[in-house]
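Please open the structure in your viewer and keep the sequence beside it. The stops below each name a selection and then say what is found there.

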Amino acid sequence: MSDASTEKRLQLLKQIRSRYNENQYDMSNREKILYGRSSRPVEGLETPQEEGTVPENPAFFRVRLALAAGLLGFVIFMDVNGISVAGITAERIFQAISADFEEVIETWATDVSQPSI
């Protein structure tokens with residue numbers, strides 16, 4: 001009788017693991033459809049990575065963050081010292097960044113500053 005219960009337990013365990021893997025696979029597919037990514041890898045299920053995509057990696061984020069901080073620091077350094085690189089000044093960079101949003105920001109600022117009745 002203990003052999004039968006052991007076999008039944010093993011079958012139950014296999015069924016639970018199978019269901020868990022199916023659920024993980026379904027969740028991964030839903031995340032991929034909704035968000036275009038998967039937050040966690042599903043063990044045992046390997047999906048081929050599309051060409052041209054960059055793997056999500058915290059180290060890659062750190063590199064991008066460090067590069068952005070370095071560029072910001074360089075632009076501030078250019079502004080403080082009045083340096084131009086290849087004819088581009090810090091003022092010109094600031095104008096290029098704010099050009100698209102200047103009207104929107106001014107409109108928003110006037111709307112916010114007016115008292116509501």
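This is a predicted model: local features need pLDDT of at least 70, side-chain atom pairs count only at pLDDT 80 or more; totals for chains, interfaces and linings use all residues.

Residues are numbered from 1 along each chain as its sequence is written, and side-chain values use heavy atoms, with hydrogens and water left out.

Helices (H or I, at least four residues) and strands (E, at least two) are DSSP runs, numbered from the N terminus. Of the 117 residues, 6% count as buried, where buried means under 20% relative accessible area, exposed over 50%, and partly exposed in between (1.4 Å probe, protein chains only).

Next, select residues 58-81 and 90-98, which are helix α2 and helix α3. Their axes, which are lines fitted to C-alpha atoms over the stretch in contact, with angles running from 0 to 180 degrees between N-to-C directions, lie 8 Å apart and pack at an angle of about 130°; α2 and α3 are therefore oblique to each other. To see where they touch (contact means heavy atoms within 4.5 Å), show Val-75, Met-78 and Asp-79 in α2, which meet Ala-90, Ile-93 and Phe-94 in α3.

Now move to strand β1, residues 84-85, and pick Val-85, which counts as partly exposed because its relative accessibility is 38%.

Finally, select Ala-86, in the loop between β1 and β2 (88-89). Is this residue buried or exposed? At 78% relative accessibility, Ala-86 counts as exposed, and its phi is near 55°, a positive value in a residue other than glycine.

Technical notes
Angles under 35 degrees count as roughly parallel, over 145 as roughly antiparallel, 65 to 115 as roughly perpendicular and the rest as oblique.
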